[in-house]
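Dear colleague,

I am handing over the structure below, and would be grateful if you could look through it alongside the notes that follow.

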2 protein chains.
Amino acid sequence: MVDTARSTAPADDVVAQTAPAPAAATDTGPIQIAGAPGAPRVDTAKLGRQLLGSWPEQRLASRELAGRPEMQRIEGQSKEEHRERVLGQLKLLVENGQVLRAFPEAQGGHDDHGGNIAGFEELVLADPSLQIKSGVQWGLFAAAILHLGTTYHHETFLPGAMNLEVPGAFAMTEIGHGSDVASVATTATYDEATQEFVIHTPFRAAWKEYLGNAAVHGKAATVFAQLITKGVNHGVHALYVPIRDDNGEFLPGIGGEDDGLKGGLNGIDNGRLHFTNVRVPRVNLLNRYGDVAEDGTYTSPIASPGRRFFTMLGTLVQGRVSLDGAAAAASAMGLAIAIKYGAERRQFTAGSDTDEEVILDYQRHQRRLLPLLATTYAAFFAHDEFLVKFDAVFSGRADSDADREDLETLAAALKPLSTWHALEALQESREACGGAGFMASNRLVGLRQDLDVYVTFEGDNNVLLQLVAKRLLTDYAKKFAKADAATVARLVASQAADRAYHGSGLRSLAQTVADFGSTARSVDHLRDAGSQRELLTDRVETMIAGVAGVLREAKGMSKADAAALFNSQQNELIEAARAHGELLQWEAFTRALDTWNASTDPGTTQVLTWLRDLFGLGLIEKHAAWYLINGRLSPQRAQSVSAYIDRLLGRLRPHAVDLVDAFGYGPEHLRATIATGIEKERQDEAREYYAQQRASGTAPLDEKVLAKAAAKAAKDAAKVAQKEAAKAAPKPTARVEK
Amino acid sequence: MVDTARSTAPADDVVAQTAPAPAAATDTGPIQIAGAPGAPRVDTAKLGRQLLGSWPEQRLASRELAGRPEMQRIEGQSKEEHRERVLGQLKLLVENGQVLRAFPEAQGGHDDHGGNIAGFEELVLADPSLQIKSGVQWGLFAAAILHLGTTYHHETFLPGAMNLEVPGAFAMTEIGHGSDVASVATTATYDEATQEFVIHTPFRAAWKEYLGNAAVHGKAATVFAQLITKGVNHGVHALYVPIRDDNGEFLPGIGGEDDGLKGGLNGIDNGRLHFTNVRVPRVNLLNRYGDVAEDGTYTSPIASPGRRFFTMLGTLVQGRVSLDGAAAAASAMGLAIAIKYGAERRQFTAGSDTDEEVILDYQRHQRRLLPLLATTYAAFFAHDEFLVKFDAVFSGRADSDADREDLETLAAALKPLSTWHALEALQESREACGGAGFMASNRLVGLRQDLDVYVTFEGDNNVLLQLVAKRLLTDYAKKFAKADAATVARLVASQAADRAYHGSGLRSLAQTVADFGSTARSVDHLRDAGSQRELLTDRVETMIAGVAGVLREAKGMSKADAAALFNSQQNELIEAARAHGELLQWEAFTRALDTWNASTDPGTTQVLTWLRDLFGLGLIEKHAAWYLINGRLSPQRAQSVSAYIDRLLGRLRPHAVDLVDAFGYGPEHLRATIATGIEKERQDEAREYYAQQRASGTAPLDEKVLAKAAAKAAKDAAKVAQKEAAKAAPKPTARVEK
């Protein structure tokens, strides 16, 4: 189904459009039709397989599960009903076994880390509460036992955590400390006399808070506490602590509260816990990274307390991995609903007297939805690379300290971008569907409400981006540790323009600061992948170098002054980290695009190239002020970015439905009335009604038309009357008059 | 309490800061304290009175009502319970009488239009469902009877609508037509034989949709339908149609469906209605703008069908007025909660070893919340001017066609900006409060869910902005109807820089296009109100002129080509309309600021000036790319905008709590646990605990500290050993060695 005349040569496009003129009307107007002669065709099946990523089977198996009614959310249930329903669904997941793939073979798992997460993410299609409650049980509670515990814990506690006999809470966050986990105040003090740890909550701010499974279902918890033995605090460690008996009553010394209703995810029983001198056996310390002997002696394979802490937290990175993937999936669902509806819904006549325009043909509607679609594709491709990296580390195939650090930086860069993007995509989709978008039956509002908290849990997005920024600063400092400003300037000027991807999630920070805004190149410069990469890379590197330069002044300052100086750069640092994440997404999109062959798949290659360009140029447009201020773009070129984006929107419009179909979601996944074709049916019925009325002559006349006709008739009559009058009147004779 | 040394001269500030250097660390760091010597003080009481606007008594009376528990939302109710609760609250409102102020004295009202809306908006504090259901009953259903009907209708139908004996639906929107009301398909065909109108729904897309009161409570509806008599369609008119009997059963020929659960506002029973040849008496036509005689003859005081239609719709503008005010109030509530919490919450140590930083002292936190606070102030001040204009038109004091047109343009410009702003402010507030922000008990999520639909109902925001843009284009065309491009250029170049507010909601479109980016002026240029006005005004005018120039080519084009050309400018037009709305807000803020006297109120004047500058410069920063591309700002100056914003944030930080306190909401309005001071109590308790531990010597030692000490001890010991060894070793004798 490929039209070779046009699509064998994507480069044609570059040749054909050399002038940076604003898009001509016919290029952006509502006249393109998918499948029209000369238009490229998208191979949605093949593209769909690519979007499934590196674990397609696990993903499809889980997606099939998510399509079953018994796994899905029922809108309007009370939080109590919803909580019980989701707990029941977790039991079905145990029977199915998919969600246990990551656990060791010894415990009945498959040691399959990547495939496990891939499948797990798809649960968001059924109900985000199901995804997150599963995440609490197996991705946090059981995973803490697995990754922070040793053989005893695996044998003793994992089976119950895996088969849901023991629903568990992951008790890390406290009311007083969320982002700053190292400062939690709960203590676990070793008592040599009884060989027990005493878990204690010293004050109200130290209550564990927001814990899934804590309000009702949890029977145990992995409690994070300051480990104290022999009068020394060895920092935060996790302990396995039973919290409820078989009747669901709190065990002695344990208390708690229900968090009650939340903005979403009400299928999860979040709650608070507190401990009053609760004793657990010494062996309940999850002791992989730190142990206490019978006599109270503390030992750890990691000497540095700081590195030990970050290593422990690092084993729990999978939460961020799966949020990244689930957020991308939720964005795709939202856009699939809005774009399918937008391609059918009609409102206002514009270019026709009888037929109303399809709303997706309006430029504004394209501007609202298609750039978000491009970003969703970028998030999908970046996520798969992220998942591959995660699998390499967790399988042990590539598990050096540097690998783990890179993985964490990647997580900290991608999770914020994809979760914020999901909220934006779902909100714009909801608004683009008008009142219909506000109905729970069309899913957009429910998804957005559930996804809302994804931007602050498992690492607040702003805090995560600061971690990325600090890593970027460290890399920068390493490179130029001993160089002064002049040396740096020489270094960057002499650097070759090679900007190959480094795999680590971090890119080279040495960068040519060429002002290519001053030359008069045409818009096709911007279509060049190399130019896009250069612009995006340059921005990250220049921003980081700028901040590093300012922070150099902190040397010799008091602690308070240095903190104030750092604080003055906080916003810029977060923006730089975001720019880094955007670059990673762009690189991933470009690599995914590079797997397509323009000779054998010309249509898909062409359309994906447009989509990637829309993503890349969209970023450049968003940050145009920076590029202009820093002399990277001339005003003319900056303006041509927007004009070319308008042109891309018109080109992509005919393929919009194909591009959302490629996500592969069936009606059992979207479950939105407006995405079922019902809108077109209704409009066909209306059109048929009016056509019959016109044909049968029963249509009422329109006062407006009549008024116009009457006015014309009156004017004509007046003209005739005038003529008649002129004829009848005596001809003036000049001579007589004089 | 005013410190005159600093604050008598706001101009001081301009003098003191001449260099456009980035803010120094100490200027933005977390060291300012409200009330510190030399800091200006805000007169919150006086500022609060200003924020109450032109109808303070009505507003306070309604706010008192909204503070009563029986008027408030109970989180977690089922939609059925919530619907009944809100209906009950409406009955309380009838008893109270406030909500009936706008109705004629003859019917027991007060003919007080502005005061009525002012009071009505405050209901959002109790529950947005209450505000909107009241709006359906009295602002739409009863208001349609009032404004579209005549004496018979006022006497017959208004009493029941006012006292809630007849809950009513406003049946305008259909499934197939929302924004394009003129195309609704329901028909009202006059039957001379029986002197009745026959209301009919010809197909599924013509079902009335999303109607409040339709699902359960409504007993009647004002139904908008194509009025057909003697075979001619006279366009959309409204009729009073009973829909349910006293048992709540649909009357013959009427059917409907419940819309079910929505993304918010579930205290309102939205639903669908359809009519199968339902007959109502001829006199049920609300006949102020169009009547049908017994013999079927149609008459109207407005000859043009188009003008007649817009006149009818224009009488219902109050919905947009009240959404604008309620959205501003909701933004204020959200920011009050987030800023009070942010000023108490601490996380991470930075400049101290023991005390964690207050999160509102972080630059990023200020960047997230304070610009939104500035915009909220702008929205408050703009809303009051809007309400005054509305009152002038509806009281008949200034009620020309031009006044009504201006009012509608103002509504179309301000409602989109304030409702989008509310969603942004509520979302950023929710994220800034982290997990606590996601709890229903802290109100942010519930408010956001309810406010969500404000951006698409009562006129979709994007559609409204297009109305504004068309008006701007029309005004432009009127001004330069006969001028060619060169003439226009001459005109704008010779235009004086006077840009006084025109009261109409529209500003002069002729504008100096001076390139003041090329001159090397310092940052204080940007602090000048005149410069801000010039930049904001210039952008609107230049954008409109640009689009007008492109659209000139449409002359002589086919209808389809002209539509495509217009479509190619749609996005730019909407952006221009938004820029116009932003300018209106800025002007309103500046006028409100001008009422303060720097001699008598130096502190408040200074702080409000900073806040207005933050708003104005925030807009300029947001649109910096445009200013750079169009040569209005030099790169240096554009950069100094951001640097100066950082400085303003640091200055405003100490006043942030005062600025939200000035909104005047008590704990009975905010009803957010985290805004009650509980966070500070918990932190004081924790600090006290640690202090006692240190004092009593029971605090555990820290492994990190011990490790550092041990390392130092080892190093010292090694040094000593080395010295001793050096002493003990035989001195080398050079000669021997050789």
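Between chain B and chain A an area of about 8500 Å² is buried, and carbon and sulfur atoms give 56% of that area. Within the part that chain B buries against chain A, R364(B), F438(B) and E703(B) together supply 10%, which is more than any other three residues. Please keep in mind throughout that this is a predicted model.

Counted by contacts, the interface involves 99 residues of chain B and 99 residues of chain A. Six salt bridges are counted between the two chains, and one of these salt bridges links D452(A) with R430(B), whose closest N and O atoms lie 3.0 Å apart. The count of residue pairs in polar contact between chain B and chain A, with both residues at pLDDT 80 or more, is 60. On the side of chain B that touches chain A, helix α21 of chain B (residues 559-568) contributes the largest share, namely seven residues, and the residues of that side divide into 43 nonpolar, 29 polar and 27 charged.

Strand pairing also crosses from one chain to the other: strand β12 of chain A (residues 701-702) runs parallel to strand β6 of chain B (residues 232-242), and two bridges join them. In this pairing, L701(A) stands opposite V232(B).

Turning to the strands within chain B, strand β2 (residues 187-191) and strand β3 (residues 196-200) run antiparallel and are joined by five bridges, with D191(B) having E196(B) in β3(B) as its bridge partner. The hairpin that β2(B) and β3(B) form has four residues between the strands, and in this hairpin Q195(B) takes a positive phi near 55°. β3(B) also pairs with strand β9 of chain B (residues 278-281), again in the antiparallel sense, over four bridges, and here I199(B) stands opposite V278(B) in β9(B).

Two residues of chain B may deserve a look in the viewer. V280(B) has its place in strand β9 of chain B, and this residue counts as buried because its relative accessible area is 2%, under the 20% cut-off. The C-alpha atom of V280(B) is separated by 5.4 Å from that of F197(B), although the two residues are 83 residues apart along the chain. Leaving aside residues up to four places away in sequence, V280(B) touches E196(B), F197(B) and I199(B), as well as L239(B), Y240(B), V241(B) and P242(B).

The second residue, H421(B), is found in helix α14 of chain B, which spans residues 401-432. Its relative accessibility is 6%, and so H421(B) likewise counts as buried. With residues up to four places away in sequence again not counted, H421(B) touches S331(B), L372(B), T375(B) and T376(B).

Lastly, some totals for chain A. This chain has 30 helices and twelve strands, and of its 738 residues 59% count as buried. Among the contacts in chain A with a separation of 6 or more, 76% are accounted for by residues 24 or more positions apart.

With best wishes

Technical notes
Residues are numbered from 1 along each chain as its sequence is written. Chains are lettered from A and ligands numbered from 1 in the order in which they are written. This is a predicted model: local features need pLDDT of at least 70, side-chain atom pairs count only at pLDDT 80 or more; totals for chains, interfaces and linings use all residues. Side-chain values use heavy atoms; hydrogens and water are left out. Contact means heavy atoms within 4.5 Å. Buried area is the accessible area (1.4 Å probe) that two parts lose on being put together, summed over both. A salt bridge is a side-chain nitrogen of Lys or Arg within 4 Å of a carboxyl oxygen of Asp or Glu. A polar contact is a pair of N or O atoms within 3.5 Å; within protein, one must be able to donate a hydrogen and the other to accept it, and residues adjacent in sequence count only if both atoms are side-chain atoms. Ala, Val, Leu, Ile, Met, Phe, Trp, Tyr, Cys and Pro count as nonpolar, Asp, Glu, Lys and Arg as charged, and the others, Gly among them, as polar. Two strands pair if DSSP finds at least two bridges between them. Buried means under 20% relative accessible area, exposed over 50%, partly exposed in between (1.4 Å probe, protein chains only).
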